[in-house]
Amino acid sequence: MVNFEEKFNDLIQKKIINDISKQDLIKINYDNRYEVPYEILKECYEKIDIEKVKEKIISRLEEEMADKIVNKMVTEFSNDIKQIMCNRELREDLRYYMRTKIKEINDKVMG
């Protein structure tokens, strides 16, 4: 009995792995789908406020554009910082500058 269970579990595992690799876990039979009547679609389409649709599209495009610009800027800053940190002289200058600023802040807080 144990041998059967082991073989059965092994077969199930292989089937699942196979289905995942084929991306075949969910099958949708398009022949059996429910058709929405044309009149309902036409009525819904006629009631759409195109100006509201345009406003939403513009808003989403503005957000997307802003995100892409920010990501590009962050990448550029990161690259600049990497270049600075690779140069020993610049890195030491930056450390000196940071130490003096930290000391100034400390003196203001403590003094």
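In this predicted model, K103 is joined to D107 by a salt bridge in which the closest N and O atoms are 3.3 Å apart. Both K103 and D107 belong to helix α4, where four residues, about one turn of the helix, separate them. How accessible are the two partners? K103 counts as exposed, because its relative accessibility is 52% and the threshold for that class is over 50%. D107, at 43% relative accessibility, is partly exposed.

A second pair is found in helix α3. Here the side chains of K54 and E51 meet in a salt bridge, with an N to O distance of 3.5 Å. Because K54 and E51 are three residues apart in helix α3, about one helical turn lies between them. K54 has a relative accessibility of 44% and therefore counts as partly exposed; E51, at 46%, is likewise classed as partly exposed.

A further salt bridge links K47 with E43, and its closest N and O atoms are 3.3 Å apart. K47 is exposed, with 63% relative accessibility, whereas E43 is partly exposed at 43%. How many salt bridges does the structure hold? The total is seven, and the pairs K103 and D107, K54 and E51, and K47 and E43 are among them.

Helix α3 spans residues 50-86 and helix α4 spans residues 88-110; their axes come within 5 Å and cross at roughly 100°. Since angles of 65 to 115 degrees count as roughly perpendicular, α3 and α4 are therefore roughly perpendicular to each other. On the α3 side the contact is made by I84, M85 and C86, and on the α4 side by R88, L90, R91 and L94. Sorted by class, the residues of this contact comprise five nonpolar and two charged ones, with no polar residue.

Between α3 and α4 there is a loop, and N87 lies in this loop. N87 has a relative accessibility of 32% and so counts as partly exposed.

A disulfide is a covalent bond between the sulfur atoms of two cysteines. How many disulfides does the count give? With a pair of cysteine sulfur atoms required to lie within 2.5 Å, the count comes to zero. C86 is exposed, because its relative accessible area is 67%, while C44 is partly exposed at 48% relative accessibility.

The C-alpha atoms of N87 and N29 are separated by 61 Å, the two residues being 58 residues apart along the chain. The other asparagine, N3, lies in helix α1, which covers residues 2-22. With a relative accessible area of 46%, N3 is partly exposed. How far is N3 from L41, 38 residues apart along the chain? Their C-alpha atoms are separated by 57 Å.

Notes
Residues are numbered from 1 along each chain as its sequence is written. This is a predicted model: local features need pLDDT of at least 70, side-chain atom pairs count only at pLDDT 80 or more; totals for chains, interfaces and linings use all residues. Side-chain values use heavy atoms; hydrogens and water are left out. Axes are lines fitted to C-alpha atoms, for helices over the stretch in contact, and angles run from 0 to 180 degrees between N-to-C directions. Helices (H or I, at least four residues) and strands (E, at least two) are DSSP runs, numbered from the N terminus. Angles under 35 degrees count as roughly parallel, over 145 as roughly antiparallel, 65 to 115 as roughly perpendicular and the rest as oblique. Contact means heavy atoms within 4.5 Å. Ala, Val, Leu, Ile, Met, Phe, Trp, Tyr, Cys and Pro count as nonpolar, Asp, Glu, Lys and Arg as charged, and the others, Gly among them, as polar. Buried means under 20% relative accessible area, exposed over 50%, partly exposed in between (1.4 Å probe, protein chains only). A salt bridge is a side-chain nitrogen of Lys or Arg within 4 Å of a carboxyl oxygen of Asp or Glu.
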